[in-house]
Structure formats: C-alpha cells, structure tokens
Amino acid sequence: MSKRIPISFEFFPPKTDIGAEKLRAVHQELQQLNPEFFSITYGAGGSTRERTLAAIDDFNGKGTAVAPHLSCIGDDKARIAELLDLYKAKGIDRIVALRGDLPSGQVGLGELPYAQDLVRFIREHSGDHFHIEVAAYPEMHPQADSFDNDIKRFVEKANAGANAAITQLFFNPDAYFYFCESVEKAGINIPIAPGIMPITNASSLIRFADSTGADIPRWIRKQLASYGDDNQSIQAFGHEVVFKLCERLIAGGAPSLHFYSMNQTEPTRRLVIDLGLN
Ligand code: FAD
C-alpha cells in the first residue's frame, strides 16, 4: 500500500439535465473517498460560465470544498471581478486560475492575456481570500518556445501569488520529477500535484492527449492499439499502467494526486482504493 496523500477530483460542467443528474450521483460516490476538493472546469472566454456556476451550486456546501476553474483569455476584468465576488459570497475560497485556449480563428486576448496576469488580478481584487492553484506542464506547454522559458513563466506565475499547481496529464514520472526539481532550483516551493488521467478508452485518450500536447509513450499506444475493441483488456491494462504511475509518483514525493475523473466514478474509484488513498 502507498503512503496516504490527499486526493482531488476534476469534473467538467454537464451540458444537459440528465448529465447534471448523473454527475450528482458520481459526486456522491467519489465523496465517499474523502477528497480534499472537487474542481469544475470553465470554458475559455466564459463559454461555460452558467454551467460551471450551476455545477458549483450543486456541490457547494455538500461537505467537500469545490474549486471553480477560471480562465482569463478573451475575457475582461469586470466580468472576472464579478465572478470572484460571486464565488466569495458563496463561501468559496479555492480557485484554479488558467489562461485557457481561444477557439481557433478567434482573436483578441482580452485584458489578461496570461495566467500570471489572472493570478495577479485575483490577488489585487480579492487579496488572500482565495487559495489559487495554477497549471503546470511537466512535458512543456505546447506553445512554449523552450523548456527553460516555460519554467521561467511558471516561476512568474507562482510569484504572482499562486499557492499550488496541478499538472497536465502525463505518463512519464521522470518528466514530473524533472519539472519539480527545475522549479525548486528556481526558488519556488509550492506543492505541484500530478494530474492523473485514468485510461478507459484508447481513442478518447489519444484525442485528449494530442489536443493538450501530452505524450503517450509508444509502448502504451502500441499496446492499446493491439487490444482493438476489447474494452475489458484496455481497462485492465490502463488500470495497471496508471496504478504503477501513481505508486512511483507517491514514492517519489508527490504531495497529492488530482484525478481527471471525466465525470465517471470508475475507474478513478478503483485506482484510489487500490492505492489505499481513501
Ligand atoms: P499560462 O500559464 O499563461 O501559459 C500559457 C503559455 O504562455 C505557456 O507556453 C507559457 O510559457 C507562456 N507564457 C506565460 N506567460 C507569458 C508571458 N508573460 N509572455 C509570453 N509567454 C508567456 N482550460 C480551460 O479553458 N478551462 C479549464 O477549466 C482548464 N483547466 C485546466 C486544468 C489543468 C490542471 C490544466 C493543466 C489545464 C487546464 N486547462 C483549462 C488548459 C489550459 O487553459 C491550457 O493549457 C492553456 O493553453 C494554458 O493555460 P495556462 O494557465 O497554463 O497558461
């Protein structure tokens, strides 16, 4: 059994009433695993503003902290300030602050073009009220011109007032440890939680990883491809790979794990239980 470290779960806001109902059940099931918080994603430019708010309202005050994601690209300070005040009034004190990605073709970065600008703005507007998490990229952000510059930007983001970070999904633990060491060498000591993506479906995993610039090692891609439509084998293999990844991360000192639940109870629950983190 691994050392017991805190866990958190990420949801995306459902598009339909049926999806919202289903997510309430998932929330109840995952809550039994004693997470530190649930986070709810937010569409860049405010595209899921109402749906993210509705999901926050659904889960706020139900015993486990909720953390809305908030992105800044293409948005303006007044709308962001309004949301910050609304969250504060609802008793929310944790936020995941991001730049977001504009849909292709859309121009106009808005008043806060980078996540570090958003973090600075949150501190200016709300002082120390919010615990701020930011994004980290062990395999480099896809738009960064070099690893060193990406680390430099991450350091600026931390110095702007971030308390902690959550990484993009990855399957190579060495990339995570190297990133953490580089950040530490640059004088930053905030906790960096690995973002863990369970493997349940080969094509959706590959699509998601490709869209985020995350690397799926060749041996994992090949093995997934060899199972074809055999979902049972994909899930068994996926569980083993991600379980071992988590074990190595915990043994190497990861402070907590953040699971991209994809709004499903399984296989996140199975990983958490098998790791002894509940
Ligand atoms: P930044 O930290 O601003 O970095 C973006 C790029 O700009 C990097 O290449 C960086 O090196 C560079 N950069 C930073 N500052 C400067 C500067 N001053 N000058 C020049 N270059 C600079 N997206 C959503 O839309 N909604 C979500 O809810 C969401 N949740 C996420 C949760 C997690 C845990 C993660 C890892 C990502 C999430 N994303 C989400 C995706 C994220 O918005 C994208 O990856 C986006 O491209 C970058 O966001 P960021 O906050 O990392 O940006």
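Author: A salt bridge is a side-chain nitrogen of Lys or Arg within 4 Å of a carboxyl oxygen of Asp or Glu. In this structure, such bridges link E21, R24 and D58 in a network.

Reader: Before we go on, what kind of model is this?

Author: It is a predicted model, where local features need pLDDT of at least 70 and side-chain atom pairs count only at pLDDT 80 or more, while totals for chains, interfaces and linings use all residues. Residues are numbered from 1 along each chain as its sequence is written, and side-chain values use heavy atoms, with hydrogens and water left out.

Reader: Ok. How many salt bridges are there?

Author: The count comes to 16 salt bridges by that rule.

Reader: Let's take E156. Which residue does it bridge to?

Author: E156 pairs with R153. Their closest N and O atoms are 3.4 Å apart.

Reader: And where do E156 and R153 sit in the chain?

Author: Both belong to helix α5, residues 147–159. Helices here are DSSP runs (H or I, at least four residues), and strands are runs of E with at least two, numbered from the N terminus. E156 and R153 are three residues apart, so about one helical turn separates them.

Reader: Is E156 buried, exposed or partly exposed?

Author: Partly exposed, with a relative accessible area of 25%. R153 also counts as partly exposed, at 46%. The cut-offs: buried is under 20% relative accessible area, exposed is over 50%, and partly exposed is in between (1.4 Å probe, protein chains only).

Reader: What about D210, who is its partner?

Author: D210 meets R221 in a salt bridge, at 3.1 Å from N to O. This pair links distant parts of the chain. D210 is in helix α7 (residues 202–212) and R221 is in helix α8 (residues 218–226), eleven residues apart. D210 is partly exposed at 47% relative accessibility. R221 is partly exposed too, at 29%.

Reader: One more bridge. How far apart are E50 and R49, N to O?

Author: 3.9 Å, between their side chains. E50 is exposed, with a relative accessible area of 56%. R49 counts as buried, at 11%.

Reader: Changing topic. Where is L33?

Author: L33 is in the loop between α1 and β2, and β2 covers 37–40. L33 is buried, with a relative accessible area of 4%.

Reader: How far is L33 from I273, in sequence and in space?

Author: They are 240 residues apart in sequence. In space, their C-alpha atoms are 8.0 Å apart.

Reader: And F12, which loop is that in?

Author: F12 lies in the loop between β1 (7–11) and α1 (17–31). F12 is partly exposed, with a relative accessible area of 39%.

Reader: On to holes. How much space is in the largest pocket?

Author: About 1600 Å³. Of the 49 residues lining the largest pocket, the closest to its centre are L98, G100, D101, Y137 and Q168. On a 1 Å grid over the protein atoms alone, a pocket is an open set of points with protein on both sides within 12 Å along at least five of seven lines, a cavity is a set where a 1.4 Å probe fits but cannot get out, and lining residues have an atom within 4 Å of a point.

Reader: Which element gives the most to that largest pocket's lining?

Author: Helix α5, with five residues. By class, the lining of the largest pocket has 24 nonpolar, 16 polar and nine charged residues.

Reader: And the second largest pocket, what volume does it have?

Author: About 210 Å³. It has 15 lining residues, and Y176, C180, E184, I190 and I192 are the closest to its centre. Helix α6 (residues 173–185) gives the largest share of this lining, six residues. The classes here are ten nonpolar, three polar and two charged.

Reader: How many cavities of 30 Å³ or more are there?

Author: Two. The largest cavity has a volume of about 50 Å³. Its lining includes Y137, P138, E139 and M140. That lining divides into seven nonpolar, three polar and one charged.

Reader: And what lines the second largest cavity?

Author: P198, T200, Y260, S261, M262, Q264, E266 and P267. The second largest cavity has a volume of about 40 Å³. Four of its lining residues are nonpolar, three polar and one charged.

Key: Grid points are joined across faces, edges and corners, and a volume is the space filled by probe spheres set on the points. Ala, Val, Leu, Ile, Met, Phe, Trp, Tyr, Cys and Pro count as nonpolar, Asp, Glu, Lys and Arg as charged, and the others, Gly among them, as polar.
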